[in-house]
Amino acid sequence: MTRALDDAALLPLADALAAGDWVSGEALAATAGVSRAALAKRIAQIEAWGLDIEARPGLGYRLTAPLERLDAAAIRVGLSPASAARLAGLDVALRVDSTNQRLIEAASANDPQALFAEAQTAGRGRRGRDWRSPFGANLYLSLAWSFAGWPPKLGTLPLAVGVATARALAVSGLSGVQLKWPNDLRIGDAKLGGILIESRSEIGGACRVIIGLGLNVAMTAGQGANLEQAWTSVHATQLAVGRPTATRNALATAVLDSLLAALAQFEQDGFASFLADWNRLDLAAGRAVRIEGATTLEGRACGIDPDGALIVESADGQRHHVHAGEVSLRLPAAAA
């Protein structure tokens with residue numbers, strides 16, 4: 001049985017297809033110095049990364065969408081001077097199990113440090129869900145930040161991160177982004193991205209957080225097939241309104257820059273400076289919602305409180321402050 005090649009050995013094949021044009025199997029095999037049969041096995045291996053590859057007799061192979069790999073140097077050079085000065089480490093991995101897990105295991109002495117990956121084999125969402133992570137299609141970013149002490153109202157940090165990401169996307173030319181409590185980015189009712197924050201106590205009372213962000217950028221229909229919920233991407237949204245698509249490297253820079261600034265702001269001022277933007281971007285505001293948690297609650301969403309809890313008004317007029325749960329959005333309140 002032929003041993004699977006490691007990722008680095010397969011990368012030149014992915015790069016040869018990166019433009020999205022047809023490339024003959026003969027040319028690919030010759031470049032790799034392998035037989036056509038061996039080439040087919042290599043194609044199958046990189047397809048397992050989540051690359052969407054089309055094969056056609058007489059034409060060869062092509063990616064259904066061009067591939068732009070991330071470049072750590074290009075991302076760093078685009079950061080603002082303040083963010084560049086704050087950031088201690090920045091790396092782009094080829095494939096990892098989970099960017100969050102890699103930074104959990106990294107030394108906190110190197111914080112703030114950021115890790116992007118081209119693909120994840122065990123990406124995680126909230127409540128232990130898998131996060132679809134095809135190679136080179138989206139942004140998979142984790143950012144480790146150490147606070148000197150445990151911040152008051154740390155539970156509001158995912159909301160601040162959502163605001164910071166929405167700000168970055170607006171600067172990048174993507175309009176219509178809204179936030180769904182507590183950690184989703186949406187365009188309408190289609191999911192654009194999600195946030196996962198994990199925290200750890202450190203020696204001396206310090207608090208270390210790992211901020212994980214998954215953002216759909218250029219995911220194709222094939223790569224997103226069979227997802228449980230409606231989804232969209234940055235490029236699909238921009239193309240739908242006739243705007244040029246942002247590059248993955250430019251988006252990576254904008255998002256990382258905004259997150260670094262937001263964390264410094266959160267450390268100094270807490271969530272107060274993000275609350276107005278959250279309310280402006282709140283997808284659930286005024287809508288009928290159903291909350292699944294320890295109990296089930298239905299009512300009308302009325303924004304969030306200063307602690308980041310979702311305020312839900314039930315049919316009897318009572319207001320409930322929800323700190324955890326799964327939110328399902330119903331019809332707008334005016335149409336319900």
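Analyst: What follows goes through some helices, then single residues and peptide bonds. This is a predicted model, in which local features need pLDDT of at least 70 and side-chain atom pairs count only at pLDDT 80 or more, while totals for chains, interfaces and linings use all residues. Residues are numbered from 1 along each chain as its sequence is written, and side-chain values use heavy atoms, with hydrogens and water left out.

User: OK, at what angle do α1 and α3 cross?

Analyst: The axes of helix α1 (residues 7–16) and helix α3 (residues 36–47) cross at roughly 90° and come within 10 Å; axes here are lines fitted to C-alpha atoms, for helices over the stretch in contact, and angles run from 0 to 180 degrees between N-to-C directions. That makes α1 roughly perpendicular to α3, a term for angles of 65 to 115 degrees, with under 35 counted as roughly parallel, over 145 as roughly antiparallel and the rest as oblique. Helices are DSSP runs of H or I with at least four residues, strands are runs of E with at least two, and both are numbered from the N terminus.

User: Which residues meet there?

Analyst: From α1, Leu10, Leu13 and Ala14 meet Leu39, Arg42, Ile43, Gln45 and Ile46 of α3, where contact means heavy atoms within 4.5 Å. The residues of this contact divide into six nonpolar, one polar and one charged; Ala, Val, Leu, Ile, Met, Phe, Trp, Tyr, Cys and Pro count as nonpolar, Asp, Glu, Lys and Arg as charged, and the others, Gly among them, as polar.

User: And which residues of α1 are buried?

Analyst: Asp7, Leu10, Leu11, Leu13 and Ala14 are buried in α1, buried being under 20% relative accessible area, exposed over 50% and partly exposed in between (1.4 Å probe, protein chains only). They cover an arc of only 165° around the axis, which puts them on the same side of α1; the arc is that of the directions from the helix axis to the C-beta atoms. Ala8 and Pro12 are exposed on the other side of α1, and the buried residues pack against α2, α3 and β3 (89–96).

User: What about the buried residues of α2?

Analyst: Helix α2 (residues 25–32) has Gly25, Leu28 and Ala29 buried, and they lie on the same side of α2 because their arc around the axis is only 95°. The face turned away from that buried side carries the exposed residues Glu26, Ala30 and Thr31, whereas the buried residues of α2 pack against α1, α3 and β2 (60–63). After α2 comes glycine 33, with a positive phi near 70°.
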